[in-house]
Amino acid sequence: MVDLESEVPPLPPRYRFRDLLLGDQGWQNDDRVQVEFYMNENTFKERLKLFFIKNQRSSLRIRLFNFSLKLLSCLLYIIRVLLENPSQGNEWSHIFWVNRSLPLWGLQVSVALISLFETLLLGYLSYKGNIWEQILRIPFILEIINAVPFIISIFWPSLRTLFVPVFLNCWLAKHALENMINDLHRAIQRTQSAMFNQVLILISTLLCLIFTCICGIQHLERIGKKLNLFDSLYFCIVTFSTVGFGDVTPETWSSKLFVVAMICVALVVLPIQFEQLAYLWMERQKSGGNYSRHRAQTEKHVVLCVSSLKIDLLMDFLNEFYAHPRLQDYYVVILCPTEMDVQVRRVLQIPMWSQRVIYLQGSALKDQDLLRAKMDDAEACFILSSRCEVDRTSSDHQTILRAWAVKDFAPNCPLYVQILKPENKFHIKFADHVVCEEEFKYAMLALNCICPATSTLITLLVHTSRGQEGQQSPEQWQKMYGRCSGNEVYHIVLEESTFFAEYEGKSFTYASFHAHKKFGVCLIGVRREDNKNILLNPGPRYIMNTTDICFYINITKEENSAFKNQDQQRKSNVSRSFYHGPSRLPVHSIIASMGTVAIDLQDTSCTSGSGPTLSLPSEGSKEIRRPSIAPVLEVADTSSIQTCDLLSDQSEDETTPDEEISSNLEYAKGYPPYSPYIGSSPTFCHLLHEKVPFCCLRLDKSCQHNYYEDAKAYGFKNKLIIVAAETAGNGLYNFIVPLRAYYRPKKELNPIVLLLDNPLDDLLRCGVTFAANMVVVDKESTMSAEEDYMADAKTIVNVQTLFRLFSSLSIITELTHPANMRFMQFRAKDCYSLALSKLEKKERERGSNLAFMFRLPFAAGRVFSISMLDTLLYQSFVKDYMISITRLLLGLDTTPGSGFLCSMRITEDDLWIRTYARLYQKLCSSTGDVPIGIYRTETQKLTTSESRETASQSQISINVEEWEDTKDTKEQGHHRSNHRNSTSSDQSDHPLLRRKSMQWARRLSRKGPKHSGKTAEKITQQRLNLYRRSERQELAELVKNRMKHLGLSTLGYDEMNDHQSTLSYILINPSPDTRLELNDVVYLIRPDPLSYLPNSEPSRKNSICNAPGQESREETQL
């Protein structure tokens, strides 16, 4: 075996121990060569060039010294003129020879020598091979004229009194000043301001012209009037200002010629300078200039970064931002890469905005533009995406880059970012506040299907308003709706609050009810001091603490409220409680405000998930006294709290055992096993035990697993929810999850059908005739158009077609522009809509930010625009909790112990409660729910002319029914009679209309040419059939024929069921004495059912694991 140590090569000589002692001498025998670089810069010329030209700081010093020399030479010329005695006579020798003292001559010679040496040196250093280019330059010629005569006079003493036009050095000083400013900007590494340079050049040019003219006139008039410097200055100012008094005029031809020459030079030079200045001024107006550092440090400002600024976006931001009193002193700096729009320019010229808003044209990706906007001193930066682009992903990418650039330039500046696609949200997790448009859009559309008009509720909550809208309207619903729209979400610390301080140590439900009873405020949530999570209605188990932050809904925040004397208010309440005579409030309101002494025990049975039980007390108690409501306990009683476990879904008790077993085998509760994008909040919801094959997801095509080809064949127990969208994007996840949340009862889960294209055949196949709701999502391909407001044209017309074909279908539509809401469900002869249009214009003239709120589709929650949620991002600057609260309300986030938004409908059995205050007490005492508003539907009082026309056509078809022979026509007449009874155009309400319709029908039957026999009878029959057919009947016949062609059953298609005779609106936090009406929908924040369970998290996991068939689903627990 070979010894390994013998194969190791010896160390080279330079690493031996003797080399360490004696020094390394091996490099002498080495073949390596040491190379020195940049040897050309070591020459004497290059070193001089580096000092005089290349180095910024030394070059700046040289130019400053040169500028000082030129000014000194001009100053010496003025001193020579002032010291000179005016000589007598008019000889021309006085032009060429002057009196110059020896010390003054010595100073001028010294200045001339230094200037000439510097000029020659700089000419040598900047020489590039063409000597005539250096010699024929105007600065070099002027330097030779002013310096060489003084140097010659050193060797020729008789020339010491020779006149030298030293005043021309002012032009050399101007040239040195321009170079000095350029070097100054380079030395301090600041962006060069072309506007500043141009103004400086113009001023220096004008001063040089005036100074040259003064000195020239004064010298040439030595043989004339012998003017002094002041008279020459006066003459020049009067001449250049085109005044020309004539009291001082040149006498000699030489001075006159000089004045002519100077005027010609001024006429050529000054217009060029003014033209360049005007051009730069116009460019600066386009780019917006700079926001000064001094203003940034002494004033507060925010920066708004957008891709393109539209007038609607600008006004929404300004109106919402400046609606808060403490933001009145803030400035808004807009940073936009495009040129200012004409409408935007016109608005920003209004004095109210011109003093507050600064527009800068630039890019957020350039540090220079961020420096112009003083981003590092800004209080906040709002980055908005451009939603009117075809490629929304590309728009998100631009937003992400802007956010990264701002974070890199100003790490401490708070970022408020708007993103469009949810899958791009994780790129900007570092931002302080993020609003993802598609998340909120789909969540609101989903909740609109189960809680009507949720989109309107959220929109009104996130808009700043004083509740003054509609107060001048003669209609009561508009006054109530407008006044309640002023409610917003505010916060206050419990110990600092007059509203809630007395409820320390009490339960949350107790504090919420009594604060509403006493002050009319609605307490909806709290947050512990040491916890960042907001809890909406944590339930009666939650005990209020002094350091808790309370979130409540009210017209204004508590700091802006005034309170009466509590003792006087208590005495007045006591007197009212004992005396039920005439008072300001009705008796039931006084009883509700004082509370009732309840004998009934609380209902401790488990309620269903569909809504609280508001049934009457037992029959025995009704014979003795009026129904009463249990009081809200200060501290929750464990025995009285409903401890129903929603995981077991008690709402299914009404089903048969077989159905319950099959239902439990089909569904389970857990977390979705897959997340469509990073950053989605895991939600506990209903799941299937087994994943459905992809082929079974096509509703209109059969596969090997099922043979159904339309929605009717599936036999769904609940009505469908149809989503008409362009693509099945990741945002659709936020539509499905709220509809499948764990707290939704299984018996209320609606099937969801995604319709990627909506021709009539596909609509009929997917079950549009018996669907509960149809959601029309704004398509990305139509969001951009040549005319901005035309982006919604396709969506509006398609929805109008659906509205005409399926008038009983509840359609929820999303639009790009809120102004287009007036075209939804458009009726050309609708007088009521025209009246609402006039009301909207009046509200807009009064300065309302919610002028569109009285449009019937928006008030009813049938249409909304996601751009209305831009104010949510703006409000977060003042209310940093608004995004979190909105996400909790919409179900986008789930916090343990936080409640959720749901609704309940007031039925005839619930009208015994009578008032909103008693309902509040009933809910708080029985289920712990907190109501926040009412969705009310009323009969439309003003009958439209179109409905009259439809009713008259219906009357005609009924009164000539004897002409109809076929069975189908009789069935249509039956449908029309049903519709007549359901609409506001009833016969009993319009007897005159009925009589005229019958007379018109008789006249129609008599008209026509006289034909004999069967021909005349046949023509008359056809003509009557044409007259009888209305537009709606033609559409209904079209739909039915198409359904028959597709092999679909026409049963259940009710073409005459129209909801236009009703109007719906929202009352947010209504007054306690508001009377409840039949079919009112009450918005509730229901406490988390899992919070009632001991050790809620383990209970949740155990329930998942122990459910039937769940052994294989443990991987879903994220």
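Which residue forms a salt bridge with Glu 488? The partner is Lys 879, and the closest N and O atoms lie 3.0 Å apart. This pair links distant parts of the chain, 391 residues apart: Glu 488 belongs to strand S7 (residues 488-493), and Lys 879 sits in the loop between helix H32 (870-875) and helix H33 (882-890). A salt bridge here is a side-chain nitrogen of Lys or Arg within 4 Å of a carboxyl oxygen of Asp or Glu. Helices (H or I, at least four residues) and strands (E, at least two) are DSSP runs, numbered from the N terminus.

The model is predicted: local features need pLDDT of at least 70, side-chain atom pairs count only at pLDDT 80 or more, and totals for chains, interfaces and linings use all residues. Residues are numbered from 1 along each chain as its sequence is written, and side-chain values use heavy atoms, with hydrogens and water left out.

The protein chain has 40 helices and 21 strands. Of its 1118 residues, 49% count as buried, where buried means under 20% relative accessible area, exposed over 50%, and partly exposed in between (1.4 Å probe, protein chains only). Among contacts between residues at least 6 apart in sequence, 75% join residues at least 24 apart; a contact means heavy atoms within 4.5 Å. The chain exposes about 56,200 Å², of which carbon and sulfur atoms supply 56%. Accessible areas come from the Shrake-Rupley method with a 1.4 Å probe, and for residues only the protein chains shown count as cover.

Side chains of opposite charge can pair when their charged atoms come close. The count of salt bridges in this model comes to 17. Both members of the opening pair are buried: Lys 879 has a relative accessible area of 4%, and Glu 488 has 2%. Salt bridges that share partners also join Lys 425, Glu 439, Arg 887 and Asp 893 into one network. Arg 887 is one of the buried residues of H33, a helix that is mostly covered, with eight of its nine residues buried. Just after H33, Gly 891 takes a positive phi of about 80°.

Two further salt bridges can be followed in the model. Glu 84 and Arg 80 meet at 2.9 Å, N to O; Glu 84 is buried at 12% relative accessible area, and Arg 80 is buried at 3%. Lys 174 pairs with Glu 178, with the closest N and O atoms 2.8 Å apart. Because these two residues are four apart in helix H8 (residues 169-187), about one helical turn separates them. Lys 174 counts as buried at 16%, whereas Glu 178 is partly exposed at 24%.

The surface also carries patches of like charge. Patches are made of residues with over 30% relative accessible area and no salt bridge, like charges being joined within 9 Å. Lys and Arg count as positive and Asp and Glu as negative, while His and the chain ends are not counted. The place of a charge is taken as NZ of Lys, CZ of Arg, CG of Asp or CD of Glu.

A negative patch gathers Glu 495, Glu 496, Glu 504, Glu 529, Asp 530 and Glu 559. Glu 529 lies in the loop between strand S8 (522-527) and strand S9 (535-536) and is exposed, with a relative accessible area of 60%. Arg 822, Lys 838, Lys 841 and Lys 842 form a positive patch. Lys 842 is found in helix H30 (residues 831-845) and is partly exposed at 47%.

Conventions:
Patch = residues over 30% accessible without salt bridge, like charges linked within 9 Å, V, L, I, M, F, W, Y side chains within 5 Å.
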